[in-house]
Amino acid sequence: MKRRIINTGFLLFLTMVMMAQEAQDEARVNSFALNWGMGNIKRQDFTISPFTHKDWSPLNFQLVYERSKKLEQQASLKFGQYSPRIGEEYTYYSFYNGEEIADSHYFTMIDINYALGLSVLENRKWKLIIGGKSKNQFYASTYNFGPSGPSPLYIAFGLNIWLNLKYDLNEKHHFKSNLSLPLFAHIYRDPYLAQDDEFFQNLISHKPLKELAERINDGEMQSWGTSQSFDFDLSYDYVINEKWNLGFTYRLSMDFNQSPTRFSQVENVIYINGTFKF
């Protein structure tokens with residue numbers, strides 16, 4: 001009788017442990033991922049130059065927050081910086097400093113995105129999510145041509161269709177992919193050669209935030225007729241334990257715009273990512 005009670009108690013204890021573990025697993029619906037990667041960019045902006053600027057850079061970082069419950073949420077902050085150069089290094093003569101070496105161009109790119117969706121297909125291994133994505137881009141560039149050069153901005157606030165696909169190979173190996181296509185966006189780009197009467201009028205205040213607001217206000221709503229984009233990524237995660245994953249992500253981003261001039265940009269980044277689940 002005593003042995004039976006002990007066995008029953010042991011079984012109840014195991015059941016409680018398993019239920020607690022399941023409750024913990026269900027509670028872990030949030031995750032933070034920090035990504036670092038090597039990127040390649042190709043950009044042609046006829047506002048400044050007909051040349052195609054190319055560069056490789058290790059200055060690519062991404063922070064991603066995900067929440068999976070009744071609704072699927074994904075928020076991300078991405079930073080990238082490139083320093084392309086056209087042709088060989090050359091020297092020029094400055095009125096103030098004499099002979100100097102021309103600096104590279106600089107592309108600084110910040111993407112802030114938020115996606116919200118609903119699972120439409122789910123089984124033991126697959127999960128398909130469909131929703132919308134707020135895509136926001138802040139691209140600041142400096143083109144150095146001798147002692148000076150233009151510094152155009154590319155600012156976009158867009159709404160995209162968002163698809164998210166998850167596949168669990170087994171308990172340790174997981175794959176995930178995101179795809180987004182644009183519906184419309186409010187886009188600001190500088191005029192040809194980055195300067196016109198409106199550009200100088202925006203500078204009159206000498207207040208950076210007011211100038212930025214004026215530039216954004218000068219933007220226009222665009223759709224597939226003048227603006228196209230494509231964003232895709234594919235991730236692999238290895239489960240270290242119940243709280244940590246380690247993996248890789250490949251990201252492809254393409255942006256094409258025709259107003260006021262032709263703009264084409266293709267970026268490829270391969271990230272190493274660490275994920276904390278809670």
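Is Arg 215 buried or exposed? Arg 215 is buried, as its relative accessible area is 5% (buried means under 20% relative accessible area, exposed over 50%, partly exposed in between, with a 1.4 Å probe and protein chains only).

Before moving on, a word on what you're looking at. This is a predicted model, where local features need pLDDT of at least 70 and side-chain atom pairs count only at pLDDT 80 or more, while totals for chains, interfaces and linings use all residues. Residues are numbered from 1 along each chain as its sequence is written, and side-chain values use heavy atoms, with hydrogens and water left out.

Now colour by pLDDT (the predictor's confidence in each residue, from 0 to 100). The protein chain has a mean of 88, and 86% of its residues reach 70 or more. Select residues 1-27: pLDDT stays under 50 there, and the model has three contacts for them beyond four places in sequence (contact means heavy atoms within 4.5 Å).

**Stop 1: salt bridges**

Side chains of opposite charge can pair when their charged atoms come close. Both Arg 215 and Glu 211 lie in helix α3 (residues 208-217), four residues apart, about one turn of the helix. Helices (H or I, at least four residues) and strands (E, at least two) are DSSP runs, numbered from the N terminus. Glu 211 is buried as well, with a relative accessible area of 18%.

How many salt bridges does the structure hold? There are eleven. Select Glu 72 and Lys 127 for another one, at 2.6 Å from N to O. This pair links distant parts of the chain, with Glu 72 in strand β3 (residues 72-82) and Lys 127 in strand β7 (residues 126-142), 55 residues apart. Both of these residues are buried.

Next, pick Lys 78 and Glu 267, a salt bridge whose closest N and O atoms are 3.3 Å apart. Lys 78 lies in strand β3 and Glu 267 in strand β13 (residues 263-277), so the pair ties together parts that are 189 residues apart in sequence. Lys 78 counts as buried at 1% relative accessibility, and Glu 267 is buried with a relative accessible area of 1%.

**Stop 2: rings**

(Rings of Phe, Tyr and Trp, using its six-membered ring, pair if their centres lie within 6.5 Å; planes under 30 degrees apart count as stacked, over 60 as edge-to-face and the rest as tilted.) Both Tyr 154 and Phe 263 are buried. For a cluster, select Phe 32, Tyr 65, Trp 244, Phe 276 and Phe 278.

**Stop 3: Asn 178**

Finally, find Asn 178 in strand β9 (residues 173-189). Asn 178 is buried, with a relative accessible area of 8%. Its side chain makes a polar contact of 3.3 Å with the side chain of Gln 74, and another of 3.0 Å with the side chain of Trp 162. (A polar contact is a pair of N or O atoms within 3.5 Å; within protein, one must be able to donate a hydrogen and the other to accept it, and residues adjacent in sequence count only if both atoms are side-chain atoms.)

Technical notes. Salt bridge = Lys/Arg side-chain N within 4 Å of Asp/Glu carboxyl O.
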